[in-house]
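Please read them with the model open beside you.

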Amino acid sequence: MTLRTRLGLLVAISVAVPVLAVSGVALWIARDEARSALDRTLEDRVAVLIASGGRLPERRGVQFFGRFVPRDVLAQIVAPNGAVVYTSDEVLPVAPADIAVANGRARRHRTDVSADGVRLRVLTVPISPAGALMVASPLDEVDANVAGLRNALAVVAAIGVAGAGLLGFLVAGRAIRPVRRLTDAARNVAQTQDLDQPIELERDDELGELARSFNAMLEALALSRAQQHRLVADAGHELRTPLTSIRTNIELLVRAEPSAASAEAATQADAGGAGVALDSDERRQMLDDVQFELDQLTELVSELVELATDQRSQGEPERVDLAELAASVVDRHRRRTETAFVTDFVPCEVVVNAALVERAIGNLVDNAVKWSPPGEPIEISVAAAEREARVRVRDRGPGIPAALRETVFERFYRAPEARSQPGSGLGLSIVDYVARTHDGTAAVVDTEGPGTTVELRLPLAPEAGLPL
């Protein structure tokens with residue numbers, strides 16, 4: 001069953017319930033009013049009979065009621081013992097309640113009875129000196145009026161419910177039209193993989209918000225796909241360079257492999273063979289080049305994996321001291337290099353993925369060590385300001401022009417003067433990625449004097465005792 005049909009049925013049911021309730025109440029009120037009117041008629045007839053001074057109407061066949069008694073009722077007198085002592089027509093059924101009125105134990109009694117298949121409304125009242133007067137009138141007219149009203153209400157209710165259901169079906173069709181457009185757009189995107197198909201839906205309600213959210217999702221997917229294509233293209237280009245160098249060096253080494261017999265090598269040389277003689281220094285230089293390119297390739301692949309891996313797969317965030325992470329990175333670099341480090345660490349607790357943040361700080365330090373002149377120290381500080389923890393790493397290198405301060409965080413970007421240096425061009429982009437995944441920022445800040453200062457900002461952890 002479609003959503004449109006379900007909405008139409010829901011509207012029909014929603015209308016049917018109050019319509020049936022109102023119809024039932026109206027029918028009950030109409031029936032009660034009709035019976036009350038009949039009871040008042042019987043009261044009037046009782047008053048007329050009592051006012052006649054005991055002159056009861058003659059039986060049918062001669063004259064039904066005289067001039068003192070109306071002709072639209074049946075009259076019957078019941079003795080205290082329950083015997084019928086007078087009846088104007090057919091004998092009415094006598095119930096214990098009627099006998100109680102005749103005995104004076106009750107004042108009056110109303111009831112519905114059936115006599116010869118005819119439904120009658122009966123009013124029983126006491127009379128003097130002893131006994132009870134029963135006056136009855138057929139309920140045919142009342143039943144007919146109630147039945148007619150019931151049928152009319154049933155027809156009106158059926159038309160109302162059907163009309164409400166049809167109207168609900170039409171309104172639902174119009175209401176879900178934007179949803180169908182969204183469905184068609186989603187299906188088309190799934191089939192064509194074309195993300196440049198925004199939904200044109202200018203509304204201020206929930207459906208408009210849904211369309212805007214869908215368009216935002218398409219934009220995010222398109223941006224993600226563009227970044228993915230760019231990453232693949234850039235990675236392919238960056239991987240091709242070291243692979244080409246490795247391939248060339250290995251081919252030269254294979255061709256220069258000494259032969260088992262020097263005579264065979266000489267013969268090959270005389271014959272114009274492809275053998276190439278390399279001394280030990282040249283071979284060592286080529287092997288060093290291969291080792292260097294392999295190291296670069298390994299680092300590039302590791303950074304690509306790091307950049308492409310969702311940080312949520314690295315583990316849950318935890319409360320850590322950012323100063324301790326920075327100190328760990330500095331200690332590791334002190335053991336590997338001879339560069340001097342000047343540190344200023346203030347404890348700052350943050351809720352982060354420790355491995356990712358430690359990698360980001362390590363990239364900042366690696367970048368500073370690479371550009372810092374020999375003998376110049378690297379300055380590293382950790383401090384808190386404006387509800388943020390800030391890690392600053394400064395080198396004494398050539399610096400970064402103001403026009404390139406945003407560009408250096410792009411993937412694989414390398415300044416012209418940096419292309420002769422080892423590296424993949426992913427270090428600062430990983431820093432920026434880690435910052436953004438933790439609702440932080442990474443930026444190149446102004447530096448007094450020569451060099452570059454890169455700052456990593458992360459939100460401070462909630463106060464102690466508060467939930468993370």
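1. In this predicted model, glutamate 43 and arginine 110 join their side chains in a salt bridge, with 2.5 Å from N to O. The two residues lie 67 places apart in the chain: glutamate 43 belongs to helix α1 (residues 3-51), and arginine 110 to strand β3 (residues 109-115). Glutamate 43 is partly exposed because its relative accessibility is 23%, and the cut-off for buried is under 20%. Arginine 110, at 36%, is also partly exposed.

2. Helix α1 takes part in another such link, as aspartate 39 forms a salt bridge with arginine 121. Their closest N and O atoms are 2.8 Å apart. Arginine 121 sits in strand β4 (residues 118-126), 82 residues from aspartate 39. Are these two residues buried or exposed? Arginine 121 has a relative accessibility of 11%, so it counts as buried; aspartate 39, with 12%, is buried too.

3. Aspartate 112 pairs with arginine 119, and here the closest N and O atoms are 3.9 Å apart. Aspartate 112 has a relative accessible area of 28% and is partly exposed, as is arginine 119 at 32%.

4. The residues named so far belong to one network of salt bridges, which also includes Arg35, Arg108 and Asp143. The whole structure has 19 salt bridges.

5. β9 (378-385) pairs with strand β7 (residues 341-345) in the parallel sense, over five bridges. Phenylalanine 345 stands opposite valine 382 of β9. With β10 (388-394), β9 runs antiparallel, and seven bridges join the two. β9 and β10 form a hairpin with two residues between them, and glutamate 386 in the turn has a positive phi of about 55 degrees.

6. Which residues touch the most other members of the largest nonpolar core? They are Leu322, Val357, Ile361 and Leu456, in a core of 38 residues. The elements that each supply at least two of its residues include α8 (322-336), β9, β10 and β12 (453-459). The largest share, eight residues, comes from α9. In soluble globular proteins, nonpolar side chains tend to be buried together.

7. Beyond its neighbours within four places in sequence, leucine 322 contacts residues including Val350, Val357, Ile361, Val382 and Leu458. There is also a second, separate core of eleven residues, among them Ala75, Val125, Leu133 and Val135.

Key. Residues numbered from 1 in each chain as written. Predicted model: local features only at pLDDT ≥ 70, side-chain atom pairs only at ≥ 80, totals over all residues. Heavy atoms only, no water. Core = buried A, V, L, I, M, F, W, Y, C linked by side-chain atoms within 4.5 Å. Buried < 20%, exposed > 50% of the residue type's maximum accessible area, 1.4 Å probe, protein only. Helix = DSSP H or I, 4+ residues; strand = E, 2+ residues; numbered from the N terminus. Contact = heavy atoms within 4.5 Å. Pairing = 2+ DSSP bridges. Salt bridge = Lys/Arg side-chain N within 4 Å of Asp/Glu carboxyl O.
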